[in-house]
Structures are given as C-alpha cells and as structure tokens.
Amino acid sequence: RAAAAIGVIVLASIGLARADTGFMMSITTIVLGATLVLYGGTIAAECSKLLAMVSEGTMGTVELAGGMSVEMLVGGSAIVLGILGLIGYAPATLDACAVIAAGGGLILGASGLQRLNTLKVEAAQASSIAQSVAKSATMGAIAAQVAAGGAAIVLGIIALTTSHTAVLTLIGLLVLGASVVVSGTAMTGRMLRMFNGGSKAA
C-alpha cells in the first residue's frame, strides 16, 4: 500500500514537471484508485485479525466495516474514471472528479479507521502510557487524512472551474498519495509493538 501511494506521488510529480500532463494525470488517477483499493483491503485485513481476537461490540464492528468499504468503492471508481480519461473521454473532467471522490472517500473512511485504531490499541493490552501515546499519534494521522481529503475536494472543484485543470488535479493526486503514506494504521501497530517490546525487555 505504501509503495503504491509513493508511486502516486512520483507520477504526480513527473506529471507536474512534464508538458503532457493529461496522460500522466490519467495514469496517476488509475494508480491512486489501485492504492485506495489496497488501502481498504489492508484495513479490512486488520479488522479480521481483531475479530479473531475479540467477539464483543457487534454493532461497532458493522459500522466499522461500512466505513472501511468506502476506500475500496472510491478506489474502484477512480480506476474506472482514470481508464476512461486515458482513452480520451474528457480526461480533465473525469480525473478531477476522481480527485473529488477520493477526497470525500478519505474523509468518510476516517471514522472507521479511527475505530479500528482504537480497537487495536485496546486489544494490544499495552500500558496506559503506551495506549495514550499511540492514540495521540493516531488522532494526528486521522486529522491529517481528513485535512488532505478536504484539500483534494477543494482542488478538484477549482480544477473543474479554471483553465489549470491538469495542474490542480495533479496537485490533488499528490496530496492524496501523501495522505495514504502517512496513514496511522500501521504506525499504531508498530508503536505498540515497540512499547510492548520495551516492557518485556525491562
């Protein structure tokens, strides 16, 4: 997932530096869609691991699953829009719409990601200090995801109303790729393992 997100950043940067921004814009949109599908799949896998450990909170689990499916749905839509743009069907408009949809998907999926991270922290049974640090770091990453999603929506809307559509769309794709890279899901797990490892060593 992180590698795919880095690919989005690299492709968007190349697109901003080249003259044929339209082609790179559609390619980057497709890669972003694949990244979001992987992103949603990764979160679903994390949820499955937690469900194997605990059996409480059935309603919360249903809501979590609903939130996690947003990334996969938006990712699939972005792939379709990117392919249509790549073959020549109004690429500027479709790719800008994909950026808006992806931004909205990150915002809608943030609540499910927050629930998942909270469950991971509680299930880890780490010390109260470790849980507090992990939750604080996770909340910061979630806030960054929401901010990136909002920025992408704004960039996409402006791209649809100005003559600089390709540049603004590529910037939006760059922001979205960076948001997935700094996602707090994996960071929470690593941080808790670090604290647990330190506790065992002590």
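Colleague: Before we go on, what should I know about the numbering and the model?

Modeller: This is a predicted model, in which local features need pLDDT of at least 70 and side-chain atom pairs count only at pLDDT 80 or more, while totals for chains, interfaces and linings use all residues. Side-chain values use heavy atoms, with hydrogens and water left out, and residues are numbered from 1 along each chain as its sequence is written.

Colleague: Thanks! What percentage of the residues of the chain count as buried?

Modeller: Buried means under 20% relative accessible area, exposed over 50%, and partly exposed in between (1.4 Å probe, protein chains only). The chain has 202 residues, and the buried share is 42%.

Colleague: Let's look at Ser26 in helix H2 (residues 21–53). Is Ser26 buried or exposed, and why?

Modeller: The cut-off for buried is under 20%. Ser26 has a relative accessibility of 1%, so Ser26 counts as buried.

Colleague: Which side chain is joined to that of Ser26 by a polar contact?

Modeller: A polar contact is a pair of N or O atoms within 3.5 Å; within protein, one must be able to donate a hydrogen and the other to accept it, and residues adjacent in sequence count only if both atoms are side-chain atoms. Here the distance is 2.9 Å, and the partner of Ser26 is Asp95.

Colleague: Thr169 is in helix H6 (residues 165–181). Which backbone oxygen lies 2.7 Å from a polar atom of its side chain?

Modeller: Thr169 counts as buried because its relative accessibility is 1%. Contact means heavy atoms within 4.5 Å, and beyond its neighbours within four places in sequence, Thr169 is in contact with Met25, Ala92, Asp95, Ala96, Val99 and Ala159. The backbone oxygen at 2.7 Å belongs to Thr165.

Colleague: And how do the axes of helix H1 (residues 2–17) and H6 cross: at what angle, and are the helices roughly parallel or roughly antiparallel?

Modeller: Axes are lines fitted to C-alpha atoms, for helices over the stretch in contact, and angles run from 0 to 180 degrees between N-to-C directions. The axes of H1 and H6 come within 8 Å and cross at roughly 155°. Angles under 35 degrees count as roughly parallel, over 145 as roughly antiparallel, 65 to 115 as roughly perpendicular and the rest as oblique. That is why H1 is described, relative to H6, as roughly antiparallel.

Colleague: Which residues make that contact, and how many of them are nonpolar?

Modeller: Among them are Ala5, Ile9 and Leu16 of H1, and Leu170, Leu174 and Val181 of H6. Ala, Val, Leu, Ile, Met, Phe, Trp, Tyr, Cys and Pro count as nonpolar, Asp, Glu, Lys and Arg as charged, and the others, Gly among them, as polar. The contact of H1 with H6 holds no charged residues and three polar ones, and its nonpolar residues number 15.

Methods
Helix = DSSP H or I, 4+ residues; strand = E, 2+ residues; numbered from the N terminus.
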